[in-house]
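The tour makes two stops.

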Amino acid sequence: MLDALFTAVFPLVCPGCGRPGHPVCAGCAGTLHPAPSAPPPVGIDAWWAAFAYEGVAREVVVRVKYRGARAAVPWLADAMVDAMVDALDPRFAIDVVTWAPTSRERRRARGFDQAELLARAVARRLGDHLDVRCLGLLDRRPGPPQTGLAGAARREGPGYAVRRRAPRSVLVVDDVATTGATLAAAARTLRAAGARVVVACTAARTPPPRTPPPTRP
Ligand SMILES: [Zn+2]
């Protein structure tokens, strides 16, 4: 009901060009870049990502996170599952899909956790191929948001606690990863709670910083 009202007041327009399109028009979809390759963070056995975190893809992720644009969640989840090319490999044998949760305060303020919405949508799609469940395994300890931190504090990642014993193989879902510190922190906690295999999938991955051109003496 509220969703319908919201859609009536704010018609579904493409975040790239502002023309009608759900969630991204065909023209802007052509501008999307696949995620740049990156080594998995420490403790993660494989890391898949749908898009480079830039341009239209970045705008879609930001709208889900800060403006509750839930209509874009299934679209992102489809792209994430498409990117998980070797996720069906028997060496992974994913039992449970979980997410890297935001803090309770931010979840309360926003009314949802975008990583959980993505994890539930990804698990539904993976369910066509794998016998997986979506379960909340992690709680985030209070602390500042990662985006407000720099240097060592950011590389360390947020503090997590487990809600229950972890299954053997876990897929951790998040919206975007920059340093991978959040995924590494989640993996550390899940392995300490019994997980043997931890893989990750994010909607977007930050492109590596461009090296400035050498300055001539
Ligand atoms: Zn567009």
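Two strands count as paired if DSSP finds at least two bridges between them. The model is predicted.

**Stop one: the strands**

Select residues 96-99, strand E2, together with residues 169-177, strand E6. E2 and E6 pair in the parallel sense, with 4 bridges between them.

E7 runs parallel to E6, and 8 bridges join the two strands. Pick Val173 here: its bridge partner in E7 is Cys201.

Is E6 enclosed or open to the outside? Buried means under 20% relative accessible area. By that cut-off 9 of the 9 residues of E6 are buried, so the strand is largely enclosed by the rest of the structure.

**Stop two: the zinc ion**

Select the zinc ion and display the SG atoms of Cys14, Cys17, Cys25 and Cys28, its protein donors, which lie 2.3 to 2.4 Å from it. What is the arrangement of the 4 donor atoms around the zinc ion? The angles they subtend are 104 to 115 degrees, which makes it tetrahedral.

In the sequence panel, the donor residues follow the spacing C-x2-C-x7-C-x2-C. Cys17 lies in the loop between helix H1 (2-9) and helix H2 (26-29), while Cys28 is in H2, so this pair ties together parts that are 11 residues apart in sequence.

Colour by accessibility to finish. Cys17 counts as partly exposed at 30% relative accessibility, whereas Cys28, with a relative accessible area of 11%, is buried.

Note on methods: Residues are numbered from 1 along each chain as its sequence is written. This is a predicted model: local features need pLDDT of at least 70, side-chain atom pairs count only at pLDDT 80 or more; totals for chains, interfaces and linings use all residues. Side-chain values use heavy atoms; hydrogens and water are left out. Donors are N, O and S atoms within 2.8 Å of the metal (3.2 Å for Na, K and Ca); water is not among the atoms, so sites may look incomplete. Four donors count as tetrahedral if all angles lie between 85 and 135 degrees; four count as square planar and six as octahedral if opposite donors are over 155 degrees apart and all others between 65 and 115; anything else is irregular. Buried means under 20% relative accessible area, exposed over 50%, partly exposed in between (1.4 Å probe, protein chains only).
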